[in-house]
Amino acid sequence: MDQIVYAFPFLLQGLWTTILVSAIVVALSLVIGAALGVGLVYGPLPVRLAVRILSDCVRGIPILVLIFMVYYGLPPLGLRLDPFWAAVAALTLFKAAQVVEYVRGAIGSIPRGQMEAGKAIGLIFSDRLRFVIFPQAVRRFLPPWINGVTDAVKGSALVSLLGVVDLMHAINQVIGRTYEPLPLYLLGAALYFAINYSLSSFSRVLERRYAFVRE
């Protein structure tokens, strides 16, 4: 118990870094992945090929390798990122590639007749997306995306490998001082569980909320 009381202020600082990394990664990957996903479905052939190659390559690389590629591979090209932003960039790239697939699957689940119906009533392409496709696709997109957010929270622990003091790194630092690993790892696991369980519960609420669109 004494170890936990001693460690708590350090863990709170690390927890803040974990939440910050996760929030930035989730926000950036959503914007980038959604844009690329729409390009994959509706873009011209060169765009579709480029997005497909990028998505498949990134998802085929282990996230740890991707982090080291960004951190150590960009400086020779003239772009040097500090450990925090290198980790954020790598995690964002990885999650964006997953969001691309979420978007592709969500849009692909909408019957083609919906787009044709919008065209028949005179809607331009952007309006067909805005008023016909997206309102239906978002219902199918949200649950898997929120489950993917939990992966982003867990993946944020890898930033500690670049020396960023997140929750996991803070735990290891305190263990190095107290030599009592079990209570601290249990506390860390409880904090991660609390975050991810809340997100999973939110996902289930969304699934129930939008269940009416399913047949």
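**Close-up 1. Helix α4 packs against helix α6 at an angle of about 150°.** In this predicted model, α4 covers residues 83-108 and α6 covers residues 125-155, and their axes sit 9 Å apart. An angle over 145° counts as roughly antiparallel, and α4 and α6 are therefore roughly antiparallel to each other. The crossing of this pair, α4 and α6, is right-handed.

**Close-up 2. Here are the residues where α4 and α6 touch.** On the α4 side, look for L91, K95, V99, Y102, V103, A106 and I107. Their partners in α6 are I133, F134, A137, R140, F141, P144, W145, G148, D151, A152 and G155. Sort the residues of this α4 and α6 contact by class and you get 13 nonpolar, 2 polar and 3 charged.

**Close-up 3. Helix α2 crosses α4 at roughly 125°.** The axes of α2 and α4 come within 9 Å. That angle makes α2 oblique to α4. As for handedness, α2 passes α4 in a left-handed crossing. From α2, the contact draws on V51, R52, S55, V58 and R59; α4 brings L93, F94, A97, Q98, V100, E101 and R104. The class tally for the contact of α2 with α4 is 6 nonpolar, 2 polar and 4 charged residues.

**Close-up 4. R52 and D56 form a salt bridge through their side chains.** Side chains of opposite charge can pair when their charged atoms come close. For R52 and D56, the N to O distance is 3.0 Å. Both residues belong to helix α2 (residues 45-59), and R52 and D56 are 4 residues apart, about one turn of the helix. R52 also turns up among the α2 residues that contact α4. Across the whole structure, a search finds 6 salt bridges.

**Close-up 5. Two of the stretches that UniProt lists as "transmembrane region" are residues 15-42 and 49-72.** The UniProt entry is unreviewed, and it also lists residues 182-199 under that name. In the model, residues 15-42 are 100% helix and 0% strand, with the end C-alpha atoms 40 Å apart. Residues 49-72 come out at 88% helix and 0% strand, and the end C-alpha atoms of that stretch, 49-72, are 28 Å apart.

Key. Residues numbered from 1 in each chain as written. Predicted model: local features only at pLDDT ≥ 70, side-chain atom pairs only at ≥ 80, totals over all residues. Heavy atoms only, no water. Axes fitted to C-alpha atoms, helices over the stretch in contact; angles between N-to-C directions. Helix = DSSP H or I, 4+ residues; strand = E, 2+ residues; numbered from the N terminus. Parallel < 35°, antiparallel > 145°, perpendicular 65-115°, else oblique. Left-handed = near helix turned anticlockwise from the far one by under 90°. Contact = heavy atoms within 4.5 Å. Nonpolar A, V, L, I, M, F, W, Y, C, P; charged D, E, K, R; others polar. UniProt positions renumbered as here; feature names shortened; annotations may be inferred. Salt bridge = Lys/Arg side-chain N within 4 Å of Asp/Glu carboxyl O.
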